[in-house]
Amino acid sequence: MNYGYTAVAPDTDSLELAASDEADRFCIQLYERVAGAVDLRGSDVLEVGSGRGGGASYMKRYLGPATVVGADLSRRAVRLCNRYRAIPGLRFRPGRRAGAAVSRRILRRGRERRVVALLPVDGRFPRGGAPGVAAGGHFLFADFRSGEKVRRLQDELARCPLDVVDEE
C-alpha cells in the first residue's frame with residue numbers, strides 16, 4: 001500500500017506535476033523520494049507489487065528509464081494496468097518472481113543495462129540480497145515499521161550483500 005509521503009520540513013514538496021497527476025501527489029511523492037534517489041535514465045526498472053500501476057507509470061513518464069515492468073500477484077490488476085496504463089516502454093506482468101526472469105533475460109541478451117527493482121517489503125528482507133538486481137543496479141524500497149521492527153530490518157540489510165546508500 002502506498003500511503004504517500006511528504007517531507008517533514010515545510011516548502012520541500014516542490015515536485016512539478018502535470019495537472020492530471022495532482023490528485024495523486026502524495027503517492028507520487030513517495031515514488032519520487034524512493035525512486036528519485038538514483039538516476040533511472042536509461043535503466044530497466046522492475047517494480048514488484050505494482051498494484052494498479054500508478055507508481056510504475058509515474059517512473060516511466062517522469063524519471064526517464066528505458067523500460068518499466070510492473071509485476072503483481074493479481075492477474076486482474078495486471079490486465080487492468082496493461083489496458084489503461086499502456087504507454088511505450090511500460091508493461092505489466094503477473095507474478096512475484098518476475099524480477100529474476102526479467103533481469104536474466106536482459107543479461108542473456110548481452111545488454112549491460114542495470115535493473116532497478118522497487119519492492120514493497122512485507123515483513124522480511126530477501127536473503128542473499130535483492131532478487132533480479134543486476135550488478136551495478138539498485139534495490140529501492142519503501143516500507144513503514146516501528147521500533148524493534150526497524151532494528152530487525154537494519155540487521156537483515158547488514159547481512160545482505162548490499163550497500164545502504166540512503167535511509168529515512
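The following dialogue discusses how to read several features of this predicted model.

Me: Where is Ser 57 found, and is it buried or exposed?

Reply: A residue counts as buried when its relative accessible area is under 20%. Ser 57 belongs to helix α2, which covers residues 54-63. Its relative accessibility is 6%, so Ser 57 is buried. Beyond its neighbours within four places in sequence, Ser 57 is in contact with Arg 85 and Leu 90.

Me: How many residues of α2 are buried, and which are they?

Reply: Of the 10 residues of α2, 7 are buried, so the helix is largely enclosed by the rest of the structure. The buried residues are Gly 55, Ala 56, Ser 57, Tyr 58, Met 59, Lys 60 and Leu 63. Gly 64 follows α2 and has a positive phi, near 75°.

Me: How many aromatic pairs does a search of the whole structure find?

Reply: A pair of aromatic rings is described by the distance of the centres and the angle of the planes. The search of the whole structure finds 1 aromatic pair. In this pair, the ring centres of Tyr 58 and Tyr 62 are 4.7 Å apart and the planes lie at 25°, so the pair is stacked; the cut-off for stacking is under 30 degrees.

Me: How are Tyr 58 and Tyr 62 placed in helix α2, and is Tyr 58 buried or exposed?

Reply: Tyr 58 and Tyr 62 are 4 residues apart in α2, and therefore about one helical turn separates them. Tyr 58 is buried, at 1% relative accessibility, whereas Tyr 62 is partly exposed, at 28%.

Me: How many disulfides does a search of the whole structure find?

Reply: A disulfide is a covalent bond between the sulfur atoms of two cysteines. Here the search of the whole structure finds 0 disulfides. As for individual cysteines, Cys 27 is partly exposed at 30% relative accessibility, while Cys 81 is buried at 3%.

Me: Which residues make the nonpolar surface patch of about 490 Å²?

Reply: Residues in a patch must have over 30% relative accessible area. Met 1, Tyr 3 and Phe 144 make this nonpolar patch. Tyr 3 lies in the segment before α1 (25-35), and with a relative accessible area of 59% Tyr 3 is exposed.

Note on methods:
Residues are numbered from 1 along each chain as its sequence is written. This is a predicted model: local features need pLDDT of at least 70, side-chain atom pairs count only at pLDDT 80 or more; totals for chains, interfaces and linings use all residues. Side-chain values use heavy atoms; hydrogens and water are left out. Helices (H or I, at least four residues) and strands (E, at least two) are DSSP runs, numbered from the N terminus. Buried means under 20% relative accessible area, exposed over 50%, partly exposed in between (1.4 Å probe, protein chains only). Contact means heavy atoms within 4.5 Å. Patches are made of residues with over 30% relative accessible area and no salt bridge: like charges are joined within 9 Å, nonpolar side chains (Val, Leu, Ile, Met, Phe, Trp, Tyr) within 5 Å. Accessible areas come from the Shrake-Rupley method with a 1.4 Å probe; for residues, only the protein chains shown count as cover. A salt bridge is a side-chain nitrogen of Lys or Arg within 4 Å of a carboxyl oxygen of Asp or Glu. A disulfide is a pair of cysteine sulfur atoms within 2.5 Å. Rings of Phe, Tyr and Trp (its six-membered ring) pair if their centres lie within 6.5 Å; planes under 30 degrees apart count as stacked, over 60 as edge-to-face and the rest as tilted.
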